[in-house]
Structures are given as C-alpha cells and as structure tokens.
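Welcome! Take a moment to turn the structure around before reading on. We will walk through it piece by piece.

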Amino acid sequence: MRVSRSLLALSALVVTLAVACGPADDNANGGLVGTSWSIVSIDGRATLADSPPTLTFAPDGLSGTTGCNHFGGTFRTDGDRITITLGMMTEMACDGPRGEQEARVVAVLPTVATWRLQP
C-alpha cells in the first residue's frame, strides 16, 4: 500500500513528518516504508512550490527528486534515529533556484539524524 504525505521539513538534525493519519505498519523501518513525502522546507527555508523535492520510502530503499534531478539511496531507522545514504542521481542541468535547492537537498539528507511523526 502506498501512502502519500504532503509535508516534510528537513534540518541537519531532525526530520519532522507531519501527518494527519497513522503511518504504514512497518516496525523494521519505523513505519516509513510505503510512504511518499514532499519536502516543504529545509533548515527553515521554503522549497520551490513548482519543483518540490520528494522522498519515497520503499522496502528496497529510498528514491526521490531534488526538484530537478532524481536520486536513489538507502535508509535505516532505529527508533527515532535515521540514516540516509544517497546513491545514484541523474545529472540534468539545474540552474538558478532549482540548482540551489538541489545543493541544499543533497547536502542535508545525509546529515539527518533523527525523525518523528507529528500529528
């Protein structure tokens, strides 16, 4: 079952997932498997409304977009701890604001250390 979520804010230390309903039932990966998220801010700075970065958590890993390029990777949770490792990424030219946003997404995702679902 795929569950879509609309809010995700990233910071170097915490990912807060704001949801209106409960997460998918997946104890091994913290309930994130089968969900998709749109990133609405990074370190308090809003993402581009017309090119939002996204994350999709699947049993075999993580995929998403920076708002320009697509990427893959892995994630692992342990309680409120999360480790995100980025893998392959497409290499389309991302100029201006989309390029700046991509740089922020790529820099911050691997530094995220904790997460929590927020009602």
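A disulfide is a pair of cysteine sulfur atoms within 2.5 Å. By this rule, the predicted model has a count of 1 disulfide. Which cysteines form the disulfide? The partners are C68 and C94, with their sulfur atoms 2.0 Å apart.

This pair links distant parts of the chain, as C68 and C94 are 26 residues apart. You will find C68 in the loop between β8 (61–65) and β9 (70–78), while C94 is in the loop between β10 (81–89) and α1 (96–108). The torsion about the S-S bond of C68 and C94 is about -95°, so the disulfide is left-handed. Are these cysteines buried or exposed? Both C68 and C94 are buried.

## The whole chain

Now let's step back to the overall layout. The protein contains 1 helix and 11 strands. Starting at the N terminus, the order of the elements is β-β-β-β-β-β-β-β-β-β-α-β.

The protein has 119 residues, and 43% of them count as buried. Now consider the contacts in the protein with a separation of 6 or more: 54% of them come from residues 24 or more positions apart.

## A hairpin and its turn

Next, look at β9 and β10. These strands run antiparallel and are joined by 7 bridges. One example to trace is F75, whose bridge partner in β10 is I84.

Together, β9 and β10 form a hairpin, with 2 residues between them. In the turn, G79 has a positive phi of about 65°.

How many aromatic pairs does a search of the whole structure find? The search finds 1 aromatic pair.

What span should α1 have? With 13 residues at 1.5 Å a residue, α1 should span 18 Å; the C-alpha atoms at its ends are 19 Å apart, which agrees.

In α1, the residues Q101, E102, R104, V105 and V108 are buried. They cover an arc of only 165° around the axis, which puts them on the same side of α1. Here is some background: an α-helix has 3.6 residues a turn, so residues three or four places apart point the same way.

Let's finish with two residues in loops. V33 is found in the loop between β3 (14–18) and β4 (35–38). Why does V33 count as buried? The relative accessible area of V33 is 11%, and buried means under 20%, so V33 counts as buried. V33 and G61 are 28 residues apart along the chain, and their C-alpha atoms are separated by 8.7 Å.

The other residue is D43, in the loop between β5 (41–42) and β6 (45–46). Most residues other than glycine have a negative phi. D43 is not a glycine, yet its phi is positive, at about 50°.

Conventions
Residues numbered from 1 in each chain as written. Predicted model: local features only at pLDDT ≥ 70, side-chain atom pairs only at ≥ 80, totals over all residues. Heavy atoms only, no water. Helix = DSSP H or I, 4+ residues; strand = E, 2+ residues; numbered from the N terminus. Buried < 20%, exposed > 50% of the residue type's maximum accessible area, 1.4 Å probe, protein only. Pairing = 2+ DSSP bridges. Phe/Tyr/Trp six-rings, centres within 6.5 Å; stacked < 30°, edge-to-face > 60°. Expected span 1.5 Å × (residues − 1). Arc of directions from axis to C-beta. Contact = heavy atoms within 4.5 Å.
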